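Let's read this structure together, one feature at a time. Keep the view open as we go.

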Amino acid sequence: ANQVEALTQSKTQLQQLISKLNKQSRERFVETFEQIRTNFQQIFRKLFGGGKADIVLEESDDVLEAGIEVIARPPGKETRSISLLSGGEKSMTALALLFAVFRTKPSPFCFLDEVDAALDEANNERFDMLLRDFGIDSQFIVITHSKRTMSIAEVLFGVTMQQQGVSKKIAVRFDEYSTETAAA
């Protein structure tokens, strides 16, 4: 009888703990979602040079299981779902969302693999500006073929093939140019 009572008490305590954790998870999710939403709206406007964007939770009984819809309106266009945007617009919108999450929960470093591949020159320039802004607090390792993105790097690592079939690794560091060194 004591064992049954102890098990019943343990079960009740576990259910209370689960309920408490679910409540805290929902509160934190909504709080974090709102921070990301605000950051996304700001970063989208910065990346696109205007326009509007938003993320909204789809209708659901449980906020933790709700879908998230991304809505974007680049400057001079009508509001539409991300699925209806061009390749470059989709990339820029996804980057705005990625950086919005990153701003909400920063990390000391971040890997980006060919995220600028679909961007035209103007969009690539705004993306590079965003990388510089975020690069103040975090280190970015970017895999790219874009000369414009490479031009803002402090260090380049690459592979070249000077002879057919022979790969060679190279590294180039871009140090600050010192007028004192040049005068000496």
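Q: Where is Leu-17 placed?
A: First, a caution: this is a predicted model. Leu-17 is in helix α1, which covers residues 2–48.

Q: Is Leu-17 buried, partly exposed or exposed?
A: Partly exposed means a relative accessible area between the buried limit of 20% and the exposed limit of 50%. Leu-17 has 44% relative accessibility, so it counts as partly exposed.

Q: How many salt bridges does a search of the whole structure find?
A: Start with the general idea. Side chains of opposite charge can pair when their charged atoms come close. Here the search finds eight salt bridges.

Q: Which residue forms a salt bridge with Glu-27?
A: Lys-23 does, with the closest N and O atoms 3.0 Å apart. Both residues lie in helix α1, four residues apart, or about one turn of the helix. Glu-27 is partly exposed because its relative accessibility is 43%. Lys-23, at 53%, counts as exposed.

Q: What about Glu-34: which residue is its salt-bridge partner?
A: Arg-37, with the closest N and O atoms at 3.6 Å. Glu-34 is partly exposed, at 36%. Arg-37 is partly exposed too, at 25%.

Q: Where do Arg-148 and Glu-121 lie?
A: Begin with the pairing. Arg-148 forms a salt bridge with Glu-121, and their closest N and O atoms are 2.8 Å apart. Arg-148 lies in helix α4 (residues 147–150) and Glu-121 in helix α3, so the pair ties together parts 27 residues apart in sequence. Arg-148 is partly exposed, at 30%. Glu-121 is exposed, at 51%.

Q: Which side chain makes a polar contact with that of Asp-116?
A: Thr-149, at 2.7 Å. Leaving aside neighbours within four places in sequence, Asp-116 has contacts that include Asn-124, Phe-127 and Ser-146.

Definitions and conventions:
Residues numbered from 1 in each chain as written. Predicted model: local features only at pLDDT ≥ 70, side-chain atom pairs only at ≥ 80, totals over all residues. Heavy atoms only, no water. Helix = DSSP H or I, 4+ residues; strand = E, 2+ residues; numbered from the N terminus. Buried < 20%, exposed > 50% of the residue type's maximum accessible area, 1.4 Å probe, protein only. Polar contact = N/O pair within 3.5 Å; in protein donor to acceptor, adjacent residues only side chain to side chain. Contact = heavy atoms within 4.5 Å. Salt bridge = Lys/Arg side-chain N within 4 Å of Asp/Glu carboxyl O.
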